[in-house]
Amino acid sequence: MKSIYVLNGPNLNRLGKREPEIYGKATLADVEKICRETAGGYAVEFRQTNSEAQLIDWIHEAIDRGGGIIINPAAFTFTSIAILDALKMFNGPVIELHITNIHKREAYYHHSYVSKVATGVIAGLGTDGYRIATTAMLAMLK
């Protein structure tokens with residue numbers, strides 16, 4: 001059984017502290033717990049980085065070891081063709097996830113490179129989006 005990779009981009013390590021009126025009060029540890037509980041016995045690789053290069057390396061790892069990727073690339077969503085290119089190499093399902101509804105925010109949040117390769121996109125459901133994404137990923141991997 002290949003792992004579900006849950007990859008989180010820059011500033012998500014500050015969840016619960018960074019603009020809680022926008023992102024909520026749940027911490028990244030809370031989000032990890034949600035994903036692991038929802039996955040049941042399914043293996044989860046849950047990671048966060050502020051480095052674009054590290055995120056790309058984890059996508060490369062998932063190409064070899066992962067069954068599916070849930071990715072919240074945060075600001076890299078709107079800037080990184082390199083992450084797009086890495087995700088293009090992944091043969092399994094990819095769910096793009098955003099805690100906020102990026103389409104209700106400033107215009108520079110409206111163009112996602114990741115959406116071009118994502119199997120599905122979840123946005124605006126808060127940290128509960130991770131539970132929904134994990135549930136959807138389990139269904140896709142059956």
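Me: Why is Ser3 called buried in this predicted model?
Reply: Its relative accessibility is 12%. Buried means under 20%. Ser3 therefore counts as buried.

Me: Where is Ser3, and which residues does Ser3 touch, leaving out those up to four places away in sequence?
Reply: Ser3 sits in strand β1. Its contacts are Tyr42, Ala43, Glu45, Arg65, Gly66, Gly67 and Gly68.

Me: What makes His98 count as buried or exposed?
Reply: The relative accessibility of His98 is 4%. The cut-off for buried is under 20%, so His98 counts as buried. This residue belongs to strand β4. Beyond four places in sequence, His98 touches Asn72, Pro73, Thr77, Ile122, Ala123, Gly124 and Leu125.

Me: Which residues of α5 are buried, and what do they pack against?
Reply: Gly129, Tyr130, Ala133, Thr134, Met137 and Leu138 are buried. The partners of the buried residues of α5 are β1, α2, β3 (66-72), β4 (94-98) and β5 (120-123).

Me: What span does α2 reach, against what is expected?
Reply: α2 covers residues 28-39, 12 residues in total. From first C-alpha to last, α2 reaches 16 Å, close to the 16 Å expected.

Me: Why do the buried residues of α2 line one face of the helix?
Reply: The buried residues are Leu28, Val31, Cys35 and Ala39. Viewed down the axis of α2, they fall within an arc of 65°, so they line one face. An α-helix has 3.6 residues a turn, so residues three or four places apart point the same way.

Me: What covers that buried side of α2, and what does the face turned away carry?
Reply: The cover over the buried residues of α2 includes β1 (3-8), β2 (44-48) and α5 (128-141). The face turned away carries the exposed residues Ala29, Lys33 and Glu37.

Me: Which residue follows α2, and what is its phi?
Reply: Gly40 follows α2. The phi of Gly40 is positive, near 65°.

Me: What makes up the lining of the largest pocket, by class?
Reply: The lining has 9 nonpolar, 4 polar and 2 charged residues. There are 15 lining residues, with Arg18, Tyr23, Ala74, Ala75 and Arg105 nearest the centre of the pocket. The space in this pocket is about 200 Å³.

Terms used
Residues are numbered from 1 along each chain as its sequence is written. This is a predicted model: local features need pLDDT of at least 70, side-chain atom pairs count only at pLDDT 80 or more; totals for chains, interfaces and linings use all residues. Side-chain values use heavy atoms; hydrogens and water are left out. On a 1 Å grid over the protein atoms alone, a cavity is a set of points where a 1.4 Å probe fits but cannot get out, and a pocket is an open set with protein on both sides within 12 Å along at least five of seven lines; lining residues have an atom within 4 Å of a point. Grid points are joined across faces, edges and corners, and a volume is the space filled by probe spheres set on the points. Ala, Val, Leu, Ile, Met, Phe, Trp, Tyr, Cys and Pro count as nonpolar, Asp, Glu, Lys and Arg as charged, and the others, Gly among them, as polar. Helices (H or I, at least four residues) and strands (E, at least two) are DSSP runs, numbered from the N terminus. The expected span of a helix is 1.5 Å times one less than its number of residues. Buried means under 20% relative accessible area, exposed over 50%, partly exposed in between (1.4 Å probe, protein chains only). The arc is that of the directions from the helix axis to the C-beta atoms. Contact means heavy atoms within 4.5 Å.
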